[in-house]
Amino acid sequence: MTLARSGPRRRWAYQLDVKGSPYFYIAPFFLLFGAVGMFPLLYTAYVSLTNWNLLEPTRHWVGLANYAELLTDDYFWNALFNTVSIWLLSTVPQLLAALFIAHMLNRSLRARTFFRMGVLLPNVTSIVAVTIIFAQLFGRDFGMVNWALDLVGLDPVDWQAGTLSSHIAISLIVIWRWTGYNALIYLAAMQTIPEHLYEAATLDGAGQFTQFRKITIPMLRPTIIFTAVVSTIGGFQIIAEPLLFQAGTGNPTGGSDRQFQTVGLYLYEQGFSLYKFGYASAIAWTLCLIIVVMALVNYSITRRIRRS
């Protein structure tokens, strides 16, 4: 009634405030991204079409030659295989463990806040320190993991020399670091599920596992989609863990036989060890396109699961 008496000008201002304010609030981020994020992105696209080498004073336009060379580069395909392998070994167990931990934290526990804060501790520690410590744990001669294997009668493993063994070790670093973070996201989503659904299921005789499978998982599907997409993006950009895994040497080749060199690490080698900025930019854009395709495939699969 007050709005009707205030006249068309005030109604117009009210409508502008309701519909236009959200755009004004989010505008600073997109303006900042356009100025700081888009320029490097577009400039990298331009550099990828040249043969720019920092050791040479000139650069020449080569068109798509860098991309054509990349398609026949065995080192690139080896790096892509390593990236996909480490991503699969780390993402699937990580999200399953996060779901289980979130389910446990959502139940009645003593010192519940302490445990909820505790799962986030691995995420706030330095990735450099964590990777170097894990590299020592997986050491061939004096590593604690091989010591534990020896206690149960198993032969020691040269974790850094093998392809699968190095991928498992690096995946464990990723799992240790990001499981708690995803668990807190799942926990926040679980607390939005109406309690009466669990009460009705309990009255119907459903156990804890049935309630988790029939109520919790379906209600968490949008959150699971989000974490799956974010984990895919992060998994394909992995670089610090394989870079420092070789006992903290910072070797960009990812092992003596490139057995754990990821695409991010190969990009680093080309750009900052060999100074081939044009070729490194082509790798960066190819990696960007792969991440976009994988994110779309991931979203499509999870969306079909949600509909079913």
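Rings of Phe, Tyr and Trp (its six-membered ring) count as a pair if their centres lie within 6.5 Å. In this predicted model, a search of the whole structure on that basis returns 16 aromatic pairs.

| Pair | Centre to centre | Angle between planes | Geometry |
|---|---|---|---|
| Phenylalanine 114 and phenylalanine 115 | 5.4 Å | 70° | edge-to-face |
| Phenylalanine 272 and phenylalanine 277 | 5.7 Å | 65° | edge-to-face |

Planes over 60 degrees apart count as edge-to-face; the angle of 65° therefore places phenylalanine 272 and phenylalanine 277 in that class. With regard to accessibility, phenylalanine 114 is exposed, at a relative accessible area of 61%, whereas phenylalanine 115 is partly exposed, at 41%. Phenylalanine 277 is also partly exposed, with a relative accessible area of 21%.

The charged end of arginine 258 sits over the ring of tyrosine 75, at 3.9 Å from the ring centre. For lysine 276, the charged end sits over the ring of tyrosine 279, at 5.0 Å from the ring centre.

The UniProt record (unreviewed entry) places the feature "transmembrane region" at several spans, including residues 21-46, 114-139 and 277-301. In the model, residues 21-46 are 96% helix and 0% strand, and the end C-alpha atoms of this span are 37 Å apart. Residues 277-301 are 100% helix and 0% strand, with 36 Å between the end C-alpha atoms.

Conventions. Residues are numbered from 1 along each chain as its sequence is written. This is a predicted model: local features need pLDDT of at least 70, side-chain atom pairs count only at pLDDT 80 or more; totals for chains, interfaces and linings use all residues. Side-chain values use heavy atoms; hydrogens and water are left out. UniProt positions are given in the numbering used here, feature names are shortened, and annotations may be inferred rather than shown by experiment. Helices (H or I, at least four residues) and strands (E, at least two) are DSSP runs, numbered from the N terminus. Rings of Phe, Tyr and Trp (its six-membered ring) pair if their centres lie within 6.5 Å; planes under 30 degrees apart count as stacked, over 60 as edge-to-face and the rest as tilted. Buried means under 20% relative accessible area, exposed over 50%, partly exposed in between (1.4 Å probe, protein chains only). A charge sits over a ring if NZ of Lys or CZ of Arg is within 6 Å of the ring centre and within 35 degrees of the ring normal.
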